[in-house]
Every structure is written in structure tokens, then in C-alpha cells.
Amino acid sequence: MVTVLRLGHRRGRDDRISTHVGLTARQLGADKIIFSGESDSNMMESIEDLTARWGGFFEVEYREDFRRIIKDFEGVTVHLTMYGLPFKEVASEINGEKPDKDVLVVVGSQKVPREVYSLVDYNVGVGNQPHSEVTALGLFLYELNNGKIPEEFEGAQVKVVPSEEDKLTEKVGE
Ligand SMILES: C[S@@+](CC[C@H](N)C(=O)[O-])C[C@H]1O[C@@H](n2cnc3c(N)ncnc32)[C@H](O)[C@@H]1O
């Protein structure tokens, strides 16, 4: 099971990018996202609504105490940061040595508290340049999933019919 922890959400300022962190986590195979920072039920509901329509079992939760989440996590903890170790090597190490372990992937927003770096098992860089939590999360989860993107989302009401030149969907079960 893969859980994503999004640190330091700011209502208003981070709505869009926090939603995208959640949607990226879901599409790339995570089972759950925990938001920390400011509580934001509207932002979380937008991810839950999308999950209800497009399927899958993706949990969305808010918890204030991110330190407790990292400390209590039973499995491998990874913090995505531009200062970290090469992501492909770490993903391969986790997949090779601990294939059945649960994984917690931590991403920041504003400045990440220094202690996070020492609370986790791995600090991981997706490149060592500053970019985005959405990109870093997507690429790391893709690597952790051995280059696969989940296609089946159980319980979906609707799904896309891939098309070269149109926006096609169909209701599931029809
Ligand atoms: C826009 S950055 C801001 C980071 C903040 N300035 C700091 O120094 O802690 C937000 C988040 O994107 C992720 N991120 C940005 N660049 C990254 C990289 N090269 N590798 C991994 N994660 C990255 C990290 O999770 C980071 O906390």
C-alpha cells in the first residue's frame, strides 16, 4: 500500500496544486492521501467526488500532526526533495529489498521543516533542480510501480474511450 503525505497545505493559495497532488497520487497507484497544514474540506471533497465518478479505492484524509504520521508509519518513508538521492536508485532499492512493504511518500509545499529530513528513511530527489511536487510525485510513483500506470479503477461510473481526435467517454456497464 502506498500513502502520500502532503505537508503544509494553505487554503486558497494551494487549492489547485494540492488537488493535483491528490489526483496524481490516485492515477499513479497510491491508495491514500493525507493532507496536513490547513484543513480544507472543499479541496478534499473535489478529490473524493472525482474518485466517486472515475472509480478506485482512494482515501482522502486530513491530519494535523504530520510528525506523528511519519514516526508511526510502519513501512518505508520517503521524502521527495531536490536535495535528495537519485530517485531511480532509491525506488529500485525499495522494490528490490522491501517489495511488500508499505510506503509513505512525503511531499512539501512551502518550506519543509528541517526535522522531516531526519524523520524519514530516504530523502529522494527527482533530479536536483527545484520544480514541482506534482512532477516529483508522478515520476517517483511511476518508478516505484516499475513504469506502469494503473488502468483499472473499480466501481467507476464512467471511463474514457481513447481517441485520436475526440473526447469520448462511455458509462461503465453499458
Ligand atoms: C515547490 S517545492 C518548494 C520547496 C521549499 N522551497 C523547500 O525548500 O522546502 C515544493 C515541493 O516540491 C517537491 N520537489 C520540488 N523539486 C523537487 C525535486 N527536484 N525532487 C524531488 N522533489 C521536489 C518537494 O516535495 C518540495 O517540498
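Visitor: Is Gly 22 buried or exposed?
Guide: Gly 22 counts as buried, because 27 C-beta neighbours lie inside 10 Å. The cut-offs: buried means 20 or more other C-beta atoms within 10 Å of a residue's own, exposed means 12 or fewer, and partly exposed is in between, with C-beta atoms placed from the backbone. This is a predicted model: local features need pLDDT of at least 70, side-chain atom pairs count only at pLDDT 80 or more, and totals for chains, interfaces and linings use all residues. Residues are numbered from 1 along each chain as its sequence is written.

Visitor: Where is Gly 22 found?
Guide: In helix 1, residues 15–27. Helices are DSSP runs (H or I, at least four residues), numbered from the N terminus.

Visitor: What is Gly 22 in contact with, leaving aside neighbours within four places in sequence?
Guide: Ile 33, Ile 47 and Val 60. Contact means C-beta atoms, placed from the backbone, within 7 Å.

Visitor: New topic. At what angle do helix 1 and helix 6 pack?
Guide: About 5°, with the axes 9 Å apart; helix 6 is residues 133–144. Axes are lines fitted to C-alpha atoms, for helices over the stretch in contact, and angles run from 0 to 180 degrees between N-to-C directions. Helix 1 and helix 6 are therefore roughly parallel. That label is for angles under 35 degrees; over 145 is roughly antiparallel, 65 to 115 roughly perpendicular, the rest oblique.

Visitor: Which residues in helix 1 meet helix 6?
Guide: Ile 17, His 20, Val 21, Thr 24 and Ala 25. They meet Glu 133, Val 134, Leu 137 and Gly 138 in helix 6.

Visitor: And how do helix 4 and helix 6 cross?
Guide: At roughly 40°, with axes coming within 9 Å; helix 4 is residues 87–97. Helix 4 and helix 6 are therefore oblique to each other.

Definitions and conventions:
Helix = DSSP H or I, 4+ residues; strand = E, 2+ residues; numbered from the N terminus. Contact = placed C-beta atoms within 7 Å.
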